[in-house]
Amino acid sequence: SHFCSSCSTAPAIAMAMLDGSEGRDGDCGTRFTCFGEAMLRFMPDPSDTGTERNTSRWLKGAGGAELNITVALAQLGWGERARWVSVVPVGLMGDELLELVGKAYPDGSGKGNLRLVRREPGDLGIYQVWPARHQIWYQRSHSIFGLMDPDWFSVTFWKEVLSSAVAQTGGETEPPHVLHLTGITPLVSLKARQAWSQALQAAREVREGRGRIVVTLDLNHRPALGTWEDLWAIVQPQVDALDLLVLSVGDLTKLGSVLTIPEVAAVTAIDRSEGIKGAPSLDDAVKTSIAALQARLGHKAAIAVTCKCRDASEGPGTSPKQLRWSVVCLQDGTVVSTFSSAVTQRVREEIGGGDSWLSGLIDGLVGARATAAAAPKWTKEMWQAAMNRGDLLAALKQTEVGDFSSTEKGELDRSVALHSEGRLGVVQ
């Protein structure tokens, strides 16, 4: 078999139904599956004194936008129900990546989470981060993920994966299965784009067959992979397959330009140098713009925008203070904002906040029986609570270095309770 040897020996085994015994109390059995590339990450060691003449010390980790969410959900009690689909090279570099990734899961191995990872001969992508310079550099053009055979992830493969469900008793509603994708994958290569498209086609067919599926897509444009216009040309025909499209403020302004939406000009006009003082104006502008975008796209899916306003650093070695909140325009045009309960944070790590926000949102929307049963017709109140959960998880994640969130359900629940009472303070 070409699938991860430490896990399943064949896709059919990976599709085995669970008996509902795994996971935390109150779990509804929702499954989460994502598809994307992961790479080794290198960052200068902050404790390096520079005394070595010919060498420097770097911290090594692993990460990938889609993978990050499976780790976050597993930490929140989803266990093996959060799975990552990908291809990783055979050999020492691939082994190293999977070992680092496996340690990030609660069981220390990620055996069940990684059982759909395929191993093939090839190279592994890497990226390097320079936090002090606010720079990041990717080397991935010859990775095996980009050079994959799309038939490895055919429509048939995806339908088997997405149709698998947790066995239910007592006439309960079958829990939904969440498919998560990003706009990174279709720009990696034409082959990766085909596999990505096949996942969406399978989701459509599962839904047509009355299977319960929720599809989320984080646009997550990476300029090094292609233009924003190229990405939108790929994504726009797929919007009707989605339940949620996630954008940054930058994505919102780009869409406003491409689709000629006048309301978005208000977002562009915001003076971001005002920092947190400009947050109310940004919230108003985003709410107006996202409603106009929803109307232009035809009310096909909910649209989310994650918002941040940051003050200048207060001095060397001081993490900047930031206000974080989110805005969602539901499919019917209702706009929901968490600005009134925005989270104040100090940012230690720039990477992973958006992935953690979506992890918290997904946990809030489908991680409990009541909300999962409502999917995808969640109430405004359900959205508000889930968005608050995402805001807080993102802030907690950005207090730790690395791509992965290690926040457990109990810590997040306590933070949500304290925040609702106005007693949380600055997350730092």
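How many of the residues of S1 are buried?

Guide: Happy to. The model is predicted, so local features need pLDDT of at least 70 and side-chain atom pairs count only at pLDDT 80 or more, while totals for chains, interfaces and linings use all residues. Residues are numbered from 1 along each chain as its sequence is written, and side-chain values use heavy atoms, with hydrogens and water left out. Helices (H or I, at least four residues) and strands (E, at least two) are DSSP runs, numbered from the N terminus.

Five of the five residues of S1 are buried, and the strand is mostly covered. Here buried means under 20% relative accessible area, exposed means over 50%, and partly exposed lies in between, with a 1.4 Å probe and protein chains only. Both faces of S1 are covered: Arg 31, Thr 33 and Phe 35 sit on one side, with Phe 32 and Cys 34 on the other.

Next come the partners of S1. Two strands pair if DSSP finds at least two bridges between them. Strands of a sheet pair through backbone hydrogen bonds, either parallel or antiparallel. S1 and S8 run parallel and are joined by four bridges; S1 and S4 also pair in the parallel sense, over four bridges. Cys 34 is a handy landmark: its bridge partner in S4 is Trp 84, and in S8 it stands opposite His 180. Arg 31, for its part, stands opposite His 177 in S8.

S8 is largely enclosed by the rest of the structure, because six of its six residues are buried. His 177, Leu 179 and Leu 181 point one way from S8, and Val 178, His 180 and Thr 182 point the other way. S8 in turn runs parallel to S9, with six bridges joining the two; Leu 179, for instance, has Val 215 as its bridge partner in S9.

Helix H4 (residues 155–163) has Phe 157, Trp 158, Val 161 and Leu 162 as its buried residues. Seen down the axis of H4, they fall within an arc of 120 degrees (taken from the directions from the helix axis to the C-beta atoms), so they line one face of the helix. An α-helix has 3.6 residues a turn, so residues three or four places apart point the same way. The cover over the buried residues of H4 includes strand S1 (31–35), S4, strand S8 (177–182), H6 and strand S9 (213–218), where contact means heavy atoms within 4.5 Å.

A salt bridge is a side-chain nitrogen of Lys or Arg within 4 Å of a carboxyl oxygen of Asp or Glu, and the structure holds 17 of them. In one of them, Arg 115 joins Glu 80, with the closest N and O atoms 3.2 Å apart. Arg 115 lies in the loop between helix H3 (92–104) and strand S5 (117–120), and Glu 80 in the loop between helix H2 (65–78) and strand S4 (82–89), so the pair ties together parts that are 35 residues apart in sequence. Glu 80 counts as partly exposed, at 29% relative accessibility.

Asp 243 is buried, with a relative accessible area of 14%, whereas Arg 207 counts as partly exposed at 29% relative accessibility.
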